[in-house]
Amino acid sequence: MDVVLAPRDGAVALLVLSDELQSACRGEAEVVGWTELPDRIRTLERHHPRWVWADTSTIYPRLLAAGVLVERCRDLRLCHAILSGSSFVDPPLSSTGEERWGAIDPVLVELEPSLLDLPPTGLEVSLEDAVVEHRLQSEALSGSDRAGRLRLLLAAESAGALIAAEMKHVGLPWSEHVHDDQLTALLGPRPLPGGRPARLEALVGRIRADLGVASLNPDSAPELLKALHGSGIEVETTRQWELERVSHPVIEPLLEYKKLSRLLSANGWAWMAAWVHDGRFRPDYVPGGVVTGRWATRGGGALQLPRQIRSAVVADSDFKLVVADAAQLEPRILAAMSRDQQKAQASRGHDLYQALVDEQIVDTRAHAKVAMLGALYGATSGEAGQLMPRLLKAFPQATATVEEAARAGERGHVVSTWLGRTSPPAPERWHEVQRRASQPFATATDLRNARARARDWGRFTRNFVVQGTAAEWALCWMAELRLRLQRLGTDGQQAQLVYFLHDEVIVHSPATLADDVVEAIEQSAQRAGRLLFGSFPVDFALEVAVVDNYAQAK
């Protein structure tokens, strides 16, 4: 049973689309006030409906605040973003009011997710428009020859939207006292507004003395670069990787300053005041915020909690944190989606990299990791490039899958994940460079630029198919785990998902249920593998720890 729900003039309109319960709504829209809505939702939830709404983030938080959980939904905005670009849909989904449904685009560039400071979003449409969009999406699915995969993707993406809202509502347990102690130990006592902590101030003094610039502000990149050049340090940027290659007395205090300064700005006292309340950190997740399907955030840096402060993530009394990390997820995903039997065999141990050593494909575990990451990210030089021929020989189907994706990108074509999320087309600037190189008057520089741009886009598409499919597996893992956790425990003793980071989850569990939660996490991972890849024999190994604080899990 599908129930379409949309805000309307300070109330909410509902429409049951199936024959069941049609008499309850008399085939017409039912308008319910926000205060009455929770009881109405609870009544309908007994029939296990699928709630259909434009945007989970505009409706579900209000239901959660009223103590209402729903089992499943269809997030039309997220599903539109998938169907309108998927190569599995022919012709592509086209909707009425396309500019509205497509107004919120995921981020293209694969930056560190914590840097993706996305603007506030929220989509509200009329009930009539939601019904039309739902029908168009259903028609697009029915016309696809891979509708089964797409339906799983849309269900997982919508479940992710529910999970994101629930994790924000529940919050990650956080000890402000422990966090303050950590900051004080690393930086010194909390400074007055506008001042630097004592440790940073001392490092600034050393940096100024080593560079001979008494008034230097190391937070200003132009000032710092000028001072470095004045001391004979010829670097093009002040980035860590470039500074680490320099031998000079200033480098050690400068790198230490940059590390502690990042901690202060990203997770210092101001961050704690803004994001931690009543013993909970409540990040604002953005499902599908990155073009591969990975999540982003709208602030708070939830997807990058530095190790220095993880001990502040503390379980409540009589509770435990169950931390689970999918080991070497992307190499295992590649084995499954390529149907590479040899690589699947290597995945059947807990440590895939060590398996490559045991099978004498490479000589050390470190080399195994370098080679595998090189295959995933397109490394052609250095150590990874030297090891690639061994992987090509050992895993021909797996390497062929990523090579094919890379060649497609180099030609300007799109690629798709296992379930059907499709990469964006190469930008117009990319095509301009390629057209220029194809002209009779093209220069050697034009040709080099075109080849470089082609290789860059090929690396993007190579990684897209694996990283995007890994994101799909993670969504299915969490969706299954969410349902299993809801069946554990009783009121007041509920195990809850509280954190997600690409291939890692944290469940806040009553201590008495911790063993059951571990089992649920492991069973959900295997279920996710079967949902995506059927009976193909790839092990999705997990590293699971039951701890009192997050730092103990690493």
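## Salt bridges

A salt bridge is counted where a side-chain nitrogen of Lys or Arg lies within 4 Å of a carboxyl oxygen of Asp or Glu, and the structure holds 27 salt bridges. The model is predicted, so local features need pLDDT of at least 70 and side-chain atom pairs count only at pLDDT 80 or more, whereas totals for chains, interfaces and linings use all residues. Residues are numbered from 1 along each chain as its sequence is written, and side-chain values use heavy atoms, with hydrogens and water left out.

One of these pairs joins E128 to R8, with the closest N and O atoms 3.4 Å apart. Because E128 lies in helix α6 (residues 127-142) and R8 in strand β1 (residues 2-8), the pair ties together parts that are 120 residues apart in sequence; helices (H or I, at least four residues) and strands (E, at least two) are DSSP runs, numbered from the N terminus. E128 is partly exposed at 46% relative accessibility, as R8 is at 29%, where buried means under 20% relative accessible area, exposed over 50% and partly exposed in between (1.4 Å probe, protein chains only).

R407 and E410 form a salt bridge whose closest N and O atoms are 2.9 Å apart, and both residues lie in helix α19 (residues 396-410), 3 residues apart, about one turn of the helix. Salt bridges that share partners join E403, R407, E410 and R462 into one network.

## The buried face of helix α2

In helix α2 (residues 37-45), the buried residues are L37, P38, R40, I41, L44 and E45. Seen down the axis of α2, these residues fall within an arc of 160°, so they line one face of the helix; the arc is that of the directions from the helix axis to the C-beta atoms.
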